[in-house]
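Hi,

Here is the structure I promised to pass on to you. Have a look at it first, then read on for what turned up in it.

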Amino acid sequence: MNMMSNPNLKVGAEFAELQQLKCKTYWADDAQAEDYVLIHGWGMGADIWQPILPMLGKVNVHCISLPGFDTSSPDINGPDIDESEVFELSELLSALENTLPKRCHLIAYSLGGLLAQCLLSSEKVVSLSCLGVGPCFVAKEQWPAAMNPADFEIFLRSFEENPEACLSRFVALQNKDDSQSPAQIKKSIIEGRRQLKASAFNNDFFSVPGNKKQWLNCLKLLETIDSRAALQAERGKNIHFILAENDALVPVAAAKAIEDLQQDNIQISLLKGSHNIPASIARESRAELLLQASLKENSAAYRLDKVRIAKSFSKSAKSYDSVAALQRQICQRLFSQVPAEHFVGKAVLDLGSGTAYFQKLLEQGFCTLTPKAESLTHLLQHSPTRLLNLDLAEGMLQFSKQQAGQCEEEISLLDVEYIAADAESLPLANESIDCIFSSLAIQWCQQEDQLFKEIHRVLKPGATAYIATLGPRSLWQLREAWRQVDDKVHVNRFRALKDLSASIEKSGLSFSLEEADIDLAFDNFKQLRYELKTLGAQNMNAGQNEGLSSRERLTKLLAAYEEYRYDSGQGAKLPLTYQVFYLKLMKPLA
C-alpha cells in the first residue's frame with residue numbers, strides 16, 4: 001500500500017506489530033449489498049454510529065474499533081490487541097487496510113476521517129464520506145482552516161493531567177455551538193458527562209495500563225496527519241466532505257479551503273445550524289448524505305455531463321455568434337500568437353471548433369497575404385492547408401459547415417473537414433497533425449491526463465498546440481453569490497493551473513503560459529444570465545441543481561450578486577470575471 005502521509009511520522013515511544021483491527025459487522029438481507037466501513041474518531045468508540053445504523057439497513061455495515069477505543073464487547077470480531085503498546089501510523093493504516101473488505105465505501109469521522117483519507121490509495125477503497133474534518137485537524141503551513149496549534153497543545157496537556165475531565169470537555173465541545181448561552185453550555189457539559197458514563201470511558205478505563213497511552217498516541221495523530229498529498233494524488237474516487245456550520249472544533253472556513261483545492265472528485269456539504277454531524281444526520285434522517293459519494297447517480301456530481309454539453313452547444317449554434325464577443329476576443333489573441341508558417345500548407349486541427357471562427361480568421365489571413373508573401377501564396381495554391389474542424393456538438397459542426405465562408409480565390413486555400421468527436425478520444429492517426437488550435441474548448445474535458453496524452457499522440461514531433469482555456473477564478477462572482485443561497489452545484493468549475501501543468505508534463509509535452517483576467521459588465525442580472533445561456537455555457541456539471549430556482553432562492557441570489565455592483569463610469573454595472581490561460585504546448589523532436 002502506498003502511504004501518502006509523512007514517512008518519518010512517529011508518534012509513540014513504543015511500537016507493536018498490528019495486523020488487523022476489531023470490527024463488528026451488520027449484514028443486509030440482500031446478498032448483493034455493498035460494503036460500507038465506518039471508522040470512528042478520537043474520544044469516542046464505534047458506538048457513535050448506533051443512531052445511524054437503522055438508516056443503513058440496505059448495505060453491509062462494518063464498524064471498526066481503533067486500538068484503545070473498544071470498551072465492549074465479546075461479539076466484536078478481531079484479534080486480541082496488546083493495549084499496552086502504541087502503533088506507528090504506517091502500522092495502523094496497514095491494519096485498517098487489512099480489515100477492509102475487498103471493495104468498500106468508507107464513512108469516517110474526525111480522526112477516522114484523517115486515517116481514511118490516507119487510505120484513498122488502497123485498491124479496496126471505492127469512495128469516502130469524511131465527516132467533521134478536512135485534510136488537517138490542526139492548522140499547518142498554508143492550511144490555516146483548522147484548530148489553532150496552541151489550543152490543541154493546551155488540550156493535549158489537559159488530557160495528560162486528567163483524561164476523564166478533559167474528555168468530558170471534549171464531548172461538550174462536540175455538542176455545543178457558538179450561539180449557545182452559558183446555561184446551554186453547562187447543559188452540554190452535563191450531557192457530555194452522561195455520554196461518557198454510558199461509554200465507560202472514565203477514570204477506571206484510563207487506569208488500565210496502556211489505554212491512556214493509546215489515546216495520547218491517537219491525539220498526536222490528530223495533530224500530525226496532513227492528508228493533502230493523499231487527496232491530490234487520488235482524483236479518480238469520489239470524496240464527500242461533510243462539515244457542520246457550528247462545529248466548535250473544525251472552523252467553517254475549512255469548507256472554503258477544501259473547495260479551493262479545485263478537485264472535481266471532491267464534494268462539500270455544510271450542515272446549516274449543526275454542530276454534531278452524526279447526531280444531526282440521525283436526528284434529521286439524512287443517511288443519504290453518508291451514501292452520496294458512493295451512489296451511482298451521484299458519483300459524477302462534480303463531473304461534466306458531456307451529453308448535456310453537446311446538446312447545449314448544438315442548441316445555441318445559431319445564436320452563439322451574436323453574443324460571442326468575449327470568445328472572439330480570446331480567439332483573436334490566441335490566433336495572433338501563431339506564426340503563419342505553422343498553418344500554411346499544413347495539417348491543422350481546430351480542437352473544439354464551435355462556429356468555426358478560427359476558420360474565418362484563417363481565410364481572412366490567407367486572403368490578405370501581402371506581395372512579400374508571394375511564396376506563401378504559391379505554396380497555398382499548390383498545397384492547401386488541411387483544416388480539421390472537430391467538435392463534440394454536431395449542431396455546431398452543421399451550422400459552421402452551412403456558414404463556411406470562401407475567399408475570392410480561384411483555388412481554395414483551405415481543405416476543410418468536419419469531425420464530430422471527443423477531444424479525449426481523437427479519431428486521428430499518430431503524428432498526423434502539424435498544429436493544434438483550441439480556443440475555449442478544453443475546459444469541457446473531464447480527464448486532462450487523457451486529453452493531453454491524445455494531443456501528444458496526434459502531434460508530429462516538433463509540432464505545437466496553441467490553447468486558450470478558462471481558469472478557476474472564472475465566474476467567481478456568480479459562484480460566491482450562489483454560495484450565500486445554498487451549497488448545491490450551480491456554477492461550472494474550471495481547472496487550477498497546477499492541475500493542468502501536472503497533466504501536460506505527464507503527457508511528455510512542454511509548455512509556456514500567458515494569463516489574463518477579462519472583466520465583463522452587465523446592466524442587470526437578467527442580461528448576464530442570458531449571455532451565459534445563449535453561449536451554451538451555463539452549468540454543465542452532472543450534479544447540478546435541477547429545475548428553475550424558486551422565487552425565494554432567486555431573490556436571495558439577486559441580492560447577493562448586487563453586492564458586486566460597481567460604478568463603471570458609464571453607470572452602475574454587474575461584473576463577471578473570466579480568467580484565461582493561453583498555453584503553448586510543444587512536442588519534442590525525439
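You'll find Phe87 in the loop between β3 (60–65) and α1 (89–99). Its C-alpha atom is 7.8 Å from that of Asn217, although the two residues are 130 apart along the chain. One thing to keep in mind while you look around: this is a predicted model.

**The whole chain**

The protein chain has 590 residues, and buried residues make up 55% of them. Its secondary structure comes to 22 helices and 15 strands. Take the contacts between residues at least 6 apart in sequence: 81% of these join residues at least 24 apart.

If you click on Phe137 and skip its neighbours within four places in sequence, you'll see contacts with Ser110, Leu114, Ala146, Met147, Phe152, Leu222, Leu249 and Val250.

**Two helices side by side**

Now find α7 again, together with helix α3 (residues 149–161). They pack at an angle of about 175°, and their axes are 11 Å apart. So α3 is roughly antiparallel to α7, since an angle over 145 degrees counts as roughly antiparallel. On the α3 side, the contact is made by Phe152, Glu153, Phe155, Leu156, Phe159 and Glu160. On the α7 side, the residues are Lys212, Trp215, Leu216, Leu219, Leu222 and Glu223. Sorted by class, this contact has eight nonpolar residues, four charged ones and no polar ones. Two of these names, Phe152 and Leu222, also turned up among the contacts of Phe137.

**Helix α20**

Another helix to look at is α20 (residues 497–507). Its buried residues are Asp499, Leu500, Ser501, Ser503, Ile504 and Ser507. What do they pack against? The partners are α18 (448–458), β12 (459–470), β13 (510–522) and β15 (572–586). After α20 comes Gly508, which has a positive phi, near 100°.

Ala356 has a phi near 65°, which is positive in a residue other than glycine. It sits in the loop between β8 (347–351) and α15 (357–367), and counts as buried at 3% relative accessibility.

Leu440 is another such case, with phi near 55°. Leu440 is in the loop between β11 (433–439) and α18, and its relative accessibility of 13% makes it count as buried.

His240 lies in strand β6 (residues 238–244). How buried is His240? Its relative accessible area is 0%. Leaving out neighbours within four places in sequence, His240 is in contact with Leu128, Ser129, Cys130, Gln267, Ile268, Ser269, Leu289, Gln292 and Ala293.

Ser122 belongs to the loop between α2 (111–118) and β5 (125–131). At 2% relative accessibility, Ser122 counts as buried. Beyond its neighbours within four places in sequence, Ser122 is in contact with Glu97 and Lys237.

Last stop: Ala282, in helix α10 (residues 277–283). Why does Ala282 count as buried? Because its relative accessibility is 19%, and buried means under 20%. Setting aside neighbours within four places in sequence, Ala282 is in contact with Pro51, Ile52 and Met55.

Cheers

Terms used
Residues numbered from 1 in each chain as written. Predicted model: local features only at pLDDT ≥ 70, side-chain atom pairs only at ≥ 80, totals over all residues. Heavy atoms only, no water. Contact = heavy atoms within 4.5 Å. Axes fitted to C-alpha atoms, helices over the stretch in contact; angles between N-to-C directions. Helix = DSSP H or I, 4+ residues; strand = E, 2+ residues; numbered from the N terminus. Parallel < 35°, antiparallel > 145°, perpendicular 65-115°, else oblique. Nonpolar A, V, L, I, M, F, W, Y, C, P; charged D, E, K, R; others polar. Buried < 20%, exposed > 50% of the residue type's maximum accessible area, 1.4 Å probe, protein only.
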